[in-house]
Structures are given as C-alpha cells and as structure tokens.
Amino acid sequence: MSAHEPLVLGIETSCDETGVGIVRGRTLLANAIASSMDEHARFGGVIPEVAARAHLEAMTPTIERALADAEVSLADLDAIAVTCGPGLAGALMVGVAAAKALAVSLDVPLYAVNHLVGHVGADLLQGDGLRGAVGEVGELELPTIALLVSGGHTSLLLVRDLVSDVELLGETIDDAAGEAFDKVARLLGLPYPGGPHIDRVAADGNPAAIRFPRGLSLPKDLAKHRYDFSFSGLKTSVARWVEKRVAAGEEVPVADVAASFREAVADVLLTKAIAACRDHGVPRLLLGGGVVANARVRELAQQRADAAGVALRVPPLSLCTDNGAMIASLGAQLVAAGHAPSTLDFGADSSLPVQEIQVR
C-alpha cells in the first residue's frame, strides 16, 4: 500500500443516499450514489426505516458500480472508510455492517469516520471536471471555517487540521436549514424535497417583499449563541404570514414568500459564517452540504466573502450532497497521516460529536 496515495473505498449511509466512493490519495476515481428520495417523497420527509431498507437493497449494486467506474477490483483496495455518525441510527448501521464485512473479508484496515468532517474532506479531491464550482482553486489552506448545511445538519466548524483538530463553533438548536426548506415548501404547496422547488419558485419573487426574522441574531441572543442557528421561529413566522393571507381570502404570493424565506436563511447563514472568519482571524470559508446547491446561498456567500476579504471554496455540487467519495477522501488522509485503523468494536453513533474525527 502506498501511504501517500492509498486506494480507499468509502461508504456513506447517514441519511437517504447510499454513497460509495473510491479515491487514490486525493484523486477521485468513482462516486456512485443511489438515492431513496423518491420513496420518501410521499411522506414529505425521510422515514428512517425506509431509508435503512433502501440502503440494504442498494449497497451491493452501488459498490459494484463504483468498482466498475474506478476500473479496480476489491482485491486492489488498500483500506475501507465508513461513516459511523452522526446520522440516522438504522441507516448508519447498514453502512457500518457492510464496511466491517468488506474489511474482514479483504483483510484491509478499516477507518470509521465522522460524516461532518467528511464534507470538508470532499474539497481535497481532484479529478476531471471537479474544480471550478464556486470560489478559490488550488490546495485547501488550513485553518478554515467550514459551514455545513443540509437536511439534517447546520454546523459551523473551525478546521485547524482535517485529521486531528476540528472544533464545533455552533450548530442549529432546533431545525436544520434543509428541514426548514422542506417544511416551508409544504406550507406553500410545493413538492418534497423543498430546497430545489423553493429555489425555482423564488427566482421569480422579490426577496425584500417580506422581512422574515433572522434567528438568534439579536444582541441578547448573540451573547450565548453567537455561532448557533435557529430556523424553527422562521418556519413559524412564514406559517403565520401565510395563514393570515388565507384567512383574509387573499391570494398567497408564493414566489415572494419563497424568495423572502430563502433570503432570511441565506442571510443568517452567511452573517454568522463571516463573523466566525473575522472573529478567529481565518480569511477562508468552505461551504458543504446539500443546501449549498441553493443558488442564493452560493451567490450571497460569494458577495459576503468578497466584501470581507475572505477566500470562498465550494466543492462541486456532486460532492456537496452526501456521498461516499468524501468519506474515502477523509479515510485516505487518515492513512497518509499514519493514523491507526479503527477496531471492529465501534458501532453506529447517531450523535457523534464533530471533534471525534475517527472512532477507534
């Protein structure tokens, strides 16, 4: 095995995507994803039991597809990496079991890693067509502030060293941003998942039409929650606004509501992220997570970063959503740094703290 360019297969099953990625060092060879989103759409959200069953059914075909895309065999692999948390417990168990089975049968080291730190690892990957999504190009400089925004997580991290020193600065105290998008979309009669549909409708709306609240942004909140997020109150504010219009027999301006809601989310996300860069003297910001696909979030991120003199990095959108390639990337960095592999004693940990980059 090459310590500097190990061939690593990564497995990600923290939510509703079965992701299997293969990397050689920092070079992306394959990023196969099977999503069960359509199975959850009729429920308006992810059902953990449905997600776990979908992972079981998709795991073997997705592994086979990744191997074919990378043009390697299982016997070629130097190590296995797997998300062991945070995420949905049942979904995580499927990935963990598959990874342990592969590692034992192939007699290769196994690395149990943190899903959130994996999102940062995605930015290290190189390959045809990967760079140039948004922001800076070239080597990822550390330390960096990382803003990770998805359906299950909204977290602000200070990453001093990818494999040994990650600090949680703040996170959501209620709904994640992606959850808020789904719930507001339902209020507006838009399909699940809400993010893409709100983004589409908001393009025709006025983001200044309605001043929705920015959670935990008042001076009294900043003293205790400077880097924390809250979207529950914003969701409720949208619901009350829509209810009043309906009760008055007035038409709901869906495009304006969507645009104003999207603006409120993007505003609070980037205000706190840029504040973290400034407060910690770190002129670098990395975005990750599925909500980064939102056009206004990316646009405002670039505007705020430019104004603050902060270098912005956003991985290609295919690596922003949950995927196995980011887990393989983090695993490869652990191998290259000489970290000992995990034992087989670890299990799925739905609330794994971000400071625990690898579970031994």
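**Group meeting: cis prolines, positive phi and a helix pair**

P193 sits in the loop between α5 (177-187) and α6 (194-202). Helices here are DSSP runs of H or I with at least four residues, strands are runs of E with at least two, and both are numbered from the N terminus.

A word on the source. This is a predicted model, where local features need pLDDT of at least 70, side-chain atom pairs count only at pLDDT 80 or more, and totals for chains, interfaces and linings use all residues. Residues are numbered from 1 along each chain as its sequence is written, and side-chain values use heavy atoms, with hydrogens and water left out.

Back to P193. The peptide bond from Y192 to P193 is cis. Its omega is near -5 degrees. A second case is the bond from G85 to P86, also cis, with omega near -10 degrees. P86 is in the loop between β4 (79-85) and α3 (89-106).

Why point these out? Most peptide bonds are trans, and most residues other than glycine have a negative phi.

E71 is not a glycine, yet its phi is positive, about 60 degrees. Find E71 in the loop between α2 (48-70) and β4. L216 also has a positive phi, near 55 degrees. L216 is in the loop between α6 and α7 (219-225).

Are these two buried or exposed? Buried means under 20% relative accessible area, exposed over 50%, and partly exposed in between, using a 1.4 Å probe and protein chains only. E71 is exposed, because its relative accessibility is 72%. L216 is buried, at 12%.

Now the helices on either side of P193. How do α5 and α6 cross? Their axes come within 8 Å and cross at roughly 60 degrees. Axes are lines fitted to C-alpha atoms, for helices over the stretch in contact, and angles run from 0 to 180 degrees between N-to-C directions. Which residues meet? From α5, F181, D182, V184 and A185; from α6, G194, G195 and I198. Contact means heavy atoms within 4.5 Å. By class, that is four nonpolar, two polar and one charged. Nonpolar covers Ala, Val, Leu, Ile, Met, Phe, Trp, Tyr, Cys and Pro; charged covers Asp, Glu, Lys and Arg; the others, Gly among them, are polar.

Last stop, H119. H119 lies in helix α4 (residues 115-121). H119 counts as buried because its relative accessibility is 4%. Setting aside neighbours within four places in sequence, H119 contacts L148, G289, C320, T321, D322 and M326.
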